[in-house]
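Here are a few friendly notes to read alongside the structure. Take the points in order, and keep the 3D view open as you go.

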Amino acid sequence: MYKELTGKVAVITGGSKGIGTAIAKRFGEEKMSVVINYHTDRVGAEKAVAEIVKAGGKAVAVQADISSEEDADSLVNTAVKSFGGLDVWVNNAGMENSHPTKDLSLEDWNRVIGVNLTGVFLGTKAALNYFTEHGKKGNIINMSSVHERIPWPNFAHYAASKGGVKLFTETVAMEYAPQNIRVNAIGPGAINTPINAKKFSDPEQLKTTTGMVPMQRIGEPSEVADAAAFLVSDQASYITGVTLFVDGGMTLYPSFQGGRG
Ligand code: NAD
């Protein structure tokens with residue numbers, strides 16, 4: 001628990017399942033008030049709200065497409081109307097699909113870049129406008145990936161979006177550091193969420209993935225949520241512009257394990 005987080009207001013994009021829901025619940029445990037944005041899964045978002053409220057926290061669910069500027073701005077208004085302000089913004093929404101690059105349609109490229117990179121820009125812009133207008137020392141977290149560093153064949157659009165998130169995070173962190181607005185990224189590795197459900201239900205694919213993780217297991221969404229709580233807490237008060245990898249060591253060149261190479 002981070003006592004200073006009590007009463008802070010957070011917006012989490014794409015919070016109806018997976019990592020977003022885990023962060024919403026973790027923030028609820030911190031006694032923060034949470035705006036849970038969903039795109040299509042209203043039931044998932046309302047379930048997360050109900051769990052937070054049942055545990056004594058405050059939360060609301062709001063529909064918005066984070067790749068639309070108008071929708072991103074509407075989330076700020078919801079935070080202000082529902083909870084009286086805004087302190088923390090988590091750009092979590094993301095999507096992926098697999099195509100050899102020569103067959104990748106412009107439509108798929110635009111959709112993935114639109115949510116994963118443009119959505120991060122629009123969410124960040126909306127939050128920065130509120131923070132600067134109200135003199136707030138706000139916090140922004142961008143959900144990146146190990147694929148901001150590791151190339152991923154057949155996912156060129158996804159890897160490009162996360163590579164973009166890395167330098168976007170560093171640039172905005174530098175730009176707003178003088179106002180004490182901290183901007184960081186989290187780089188999850190292989191996490192047990194709906195995006196990976198099909199892959200991890202196949203024992204062979206699960207074995208292949210865990211073989212790429214020095215800690216030899218996949219991660220839980222709650223482990224990413226713990227990193228998010230830390231980054232927005234005062235325990236991270238001098239940290240800005242970093243990507244905190246939550247990946248069991250996946251970015252450590254695991255093929256060299258045991259002195260190979
Ligand atoms: P998920 O599919 O479970 O959740 C993604 C969420 O984003 C969903 O709630 C979805 O509705 C939402 N979303 C998609 N398009 C949206 C839009 N236009 N507007 C608003 N919301 C939208 O995936 P997850 O695994 O929880 O992923 C969360 C984030 O973590 C993503 O950015 C993803 O790229 C990143 N990530 C996940 C992993 C992993 O292993 N699960 C690894 C690295 C990075």
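1. Let us begin with a term: two residues are in contact if their C-beta atoms, placed from the backbone, lie within 7 Å. Please also keep in mind that this is a predicted model.

2. With that in hand, look at Gly138. Leaving aside residues up to four places away in sequence, Gly138 touches Leu86, Asp87, Val88, Trp89, Ala127, Phe131 and Ile181. You will find Gly138 in the loop between helix H4 (106-133) and strand S5 (139-143).

3. Is Gly138 buried or exposed? A residue is buried if 20 or more other C-beta atoms lie within 10 Å of its own. Gly138 has 25 C-beta neighbours inside 10 Å, so Gly138 counts as buried.

4. Now zoom out to the whole protein. There are 8 helices and 7 strands. The radius of gyration is 18 Å, close to the 18 Å that the globule rule gives for 261 residues, so the protein is as compact as a globular protein of that length. Along the principal axes, the C-alpha trace spans about 55 × 40 × 40 Å.

5. How much of the protein counts as buried? The share is 46% of the 261 residues. As for contacts with a separation of 6 or more, 73% are between residues 24 or more positions apart.

6. Next comes the inside. In soluble globular proteins, nonpolar side chains tend to be buried together. Here the largest nonpolar core has 72 residues, and Ala10, Val34, Ile36 and Ala228 touch the most other members. Helix H4 gives the most to this core, with 10 residues. Take Ile36 as an example: not counting residues up to four places away in sequence, its contacts include Ile12, Ala24, Ala45, Val49 and Val60.

7. Finally, visit the ligand. Which residues come nearest? Of the 28 residues around the ligand, they are Gly14, Gly18, Ala93, Gly94 and Thr193. Helix H1 (18-29) and strand S2 (33-38) are the elements that give two or more residues to this shell, and H1 gives the most, with 3 residues. Sorted by class, the shell has 12 nonpolar, 13 polar and 3 charged residues.

Methods
Residues are numbered from 1 along each chain as its sequence is written. This is a predicted model: local features need pLDDT of at least 70, side-chain atom pairs count only at pLDDT 80 or more; totals for chains, interfaces and linings use all residues. Helices (H or I, at least four residues) and strands (E, at least two) are DSSP runs, numbered from the N terminus. A residue is buried if 20 or more other C-beta atoms lie within 10 Å of its own, exposed if 12 or fewer, and partly exposed in between; C-beta atoms are placed from the backbone. A residue is near a molecule or strand if its C-beta atom, placed from the backbone, lies within 6 Å of it. Ala, Val, Leu, Ile, Met, Phe, Trp, Tyr, Cys and Pro count as nonpolar, Asp, Glu, Lys and Arg as charged, and the others, Gly among them, as polar. The radius of gyration is taken over C-alpha atoms; the globule rule is 2.2 Å times the number of residues to the power 0.38. A nonpolar core is a set of buried Ala, Val, Leu, Ile, Met, Phe, Trp, Tyr and Cys residues joined through C-beta atoms within 7 Å.
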